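This briefing is for a reader who has not seen this structure before. Please look over the sequence and the model, then read the points below by topic.

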Amino acid sequence: MSKSLNAFIIGAGRVAPGLARAITSSPGVSLVGIADSDFPRAEALAGRLGVRAAADYREFLADPSVDLAVIALPHWLHYSVAIECARAGKHVYVEKPLANSLDEADEMIAVAEAHHVRLFAAHTQRFFASTILARQMIEEGRIGAPIYATDTWYKDFGLSTRPAWFLDRAKGGGMWLMNGAHMIDRTCWMLGSEVAAVKAWIGNPIYRLPADDSAMALLQLKNGTHCTIVHAGYRRGVGRCEVEILGTEGMLKVDTYGSRVWIDENGEFVPVEVQKHDAFTYEMTKLVEALQTGAELPVPISWGRHMVEVLCACEESGRTGREVILS
Ligand SMILES: NC(=O)c1ccc[n+]([C@@H]2O[C@H](COP(=O)([O-])OP(=O)(O)OC[C@H]3O[C@@H](n4cnc5c(N)ncnc54)[C@H](O)[C@@H]3O)[C@@H](O)[C@H]2O)c1
């Protein structure tokens, strides 16, 4: 029988309860603790779950019984903390985006390899039941050959509730890194391809912060399909989060968070039944299986790196006004 893993979470902020639920609900892994430099935060979440709390995550890194560090930190800390965890011999789960730059991502991958631990970039949107079903329907040819997708996500920026790091790109803040990472992953995964070239505009016209609030990107995929990524954190507006996919023989529509999928029928979208599940738990279960068996990770780290490459290429395109061809 495979060894059961012990995991702990670093960062007890917004995403941490979902990750804790995933760990406590997945077979083959136990949650042993929560670390947060804001100790009362760590204590509050750990107390509810009956696990250890620490202000310093290094307490868990020093514990030989701990196998997996789950990093749920502000983006600018992913790089340094992941490297520290890998050097301590722990497998590392990093919330998206893997890193703030390609150089950081490459170093993280190299250190993990050198220390014989596995590095996982969490792109949870592809584990939603709706995304999985849509990809399966495309693979089955239900809309013929896919041509392009439009991924559109409008939401309230939520200025008053955002932590300070989110309001500064130097710390990995802004809507683009936060949600562009989800959108690029889910849509390219459904279309079944990496990205070849990008042309994008990314700006901050709504809040004028040193972090973006709105973006548009046109991605040309290696398999010949295309997609647009349109995202904004508005001050006032109407929320929407949908991907529409056009094929040679039809159309699909996906609402990831709402776990809904539609297909065209007689000129209208009709719903397709989705068997819902908890995406965080499904992702964690698949990850733990891969760690126990040595199988390929459910999101290969090359894909996590590629997502950073695409995010940064879009930023470069936005700065220069030029198309960026990926290597
Ligand atoms: N998959 C998803 O659906 C999803 C949703 C939200 C956020 N995220 C990702 O989760 C990560 C965290 O985002 P968030 O919104 O939870 O952030 P957050 O700001 O709410 O929480 C971050 C936590 O890290 C703590 N922290 C900061 N520095 C620390 C340090 N040196 N040591 C220990 N703790 C420290 C903070 O006190 C805070 O509690 C990001 O990568 C984000 O993109 C993913």
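Contact here means heavy atoms within 4.5 Å. This is a predicted model, in which local features need pLDDT of at least 70 and side-chain atom pairs count only at pLDDT 80 or more, while totals for chains, interfaces and linings use all residues. Residues are numbered from 1 along each chain as its sequence is written, and side-chain values use heavy atoms, with hydrogens and water left out. Helices (H or I, at least four residues) and strands (E, at least two) are DSSP runs, numbered from the N terminus.

**Helix H5 and its neighbours**

- Leu102, Ala105, Asp106 and Ile109 in H5 meet Ile301, Arg305, Val308 and Glu309 in H9.
- By class, this contact of H5 with H9 has five nonpolar, no polar and three charged residues; Ala, Val, Leu, Ile, Met, Phe, Trp, Tyr, Cys and Pro count as nonpolar, Asp, Glu, Lys and Arg as charged, and the others, Gly among them, as polar.
- The axes of H5 and helix H9 (residues 301-320) are 9 Å apart, and the two helices pack at an angle of about 165 degrees. Axes are lines fitted to C-alpha atoms, for helices over the stretch in contact, and angles run from 0 to 180 degrees between N-to-C directions.
- H5 is therefore roughly antiparallel to H9; angles under 35 degrees count as roughly parallel, over 145 as roughly antiparallel, 65 to 115 as roughly perpendicular and the rest as oblique.
- Helix H4 (residues 75-87) and helix H5 (residues 102-114) have axes that come within 9 Å and cross at roughly 5 degrees, so H4 and H5 are roughly parallel to each other.
- On the H4 side, His78, Tyr79, Ala82, Ile83, Ala86 and Arg87 meet Glu104, Glu107, Met108, Val111 and Ala112 of H5. The residues of this contact of H4 with H5 divide into seven nonpolar, one polar and three charged.

**The six-stranded sheet**

- Six strands form an open sheet in the order S3-S2-S1-S4-S5-S6, with parallel pairing. Two strands pair if DSSP finds at least two bridges between them.
- Strand S3 (52-54) and strand S6 (119-122) stand at the edges with a single partner strand each, so one side of each is left without a neighbour in the sheet.
- From one strand to the next, the twist averages 25 degrees.
- Strand S1 (residues 5-10) pairs with strand S4 (residues 68-71) in the parallel sense over four bridges, and alanine 69 in S4 is the bridge partner of phenylalanine 8.
- Strand S5 (residues 91-95) and S6 also pair in the parallel sense over four bridges. Valine 94 has alanine 121 in S6 as its bridge partner.
- In a regular strand, side chains alternate between the two faces of the sheet. Both faces of S6 are covered, with Leu119 and Ala121 buried on one side and Phe120 and Ala122 buried on the other; buried means under 20% relative accessible area, exposed over 50%, partly exposed in between (1.4 Å probe, protein chains only).
- The buried residues of helix H1 (residues 16-25) include Ala16, Gly18, Leu19, Ala20, Ala22 and Ile23. Their cover includes S1, strand S2 (29-35), helix H2 (39-49), S4, S5 and helix H8 (279-293).

**The nine-stranded sheet**

- A second open sheet, of nine strands, has the order S14-S13-S12-S11-S7-S10-S9-S8-S15, with mixed pairing.
- Its edges are strand S14 (268-272) and strand S15 (324-325); each has a single partner strand, so one side of each is left without a neighbour in the sheet.
- Strand S8 (residues 195-203) and strand S9 (residues 214-221) pair in the antiparallel sense over eight bridges. Valine 198 stands opposite leucine 219 in S9, and glycine 203 stands opposite serine 214.
- S9 and S10 form a hairpin with four residues between them, and glycine 224 in the turn has a positive phi of about 95 degrees.
- Helix H7 (residues 175-191) lies across S7, S8, S9, S10, S11 and S12, at about 155 degrees to S7.

- Threonine 152 lies in strand S7 (residues 146-156) and counts as buried at 10% relative accessibility. Among the residues it touches are Met183, Val230 and Arg240.
- Serine 317 is found in helix H9 and counts as buried at 0% relative accessibility.
- The C-alpha atoms of serine 317 and alanine 197 are separated by 10.0 Å, with the two residues 120 apart along the chain.

Note on methods
Lists of a residue's contacts leave out its neighbours within four places in sequence.
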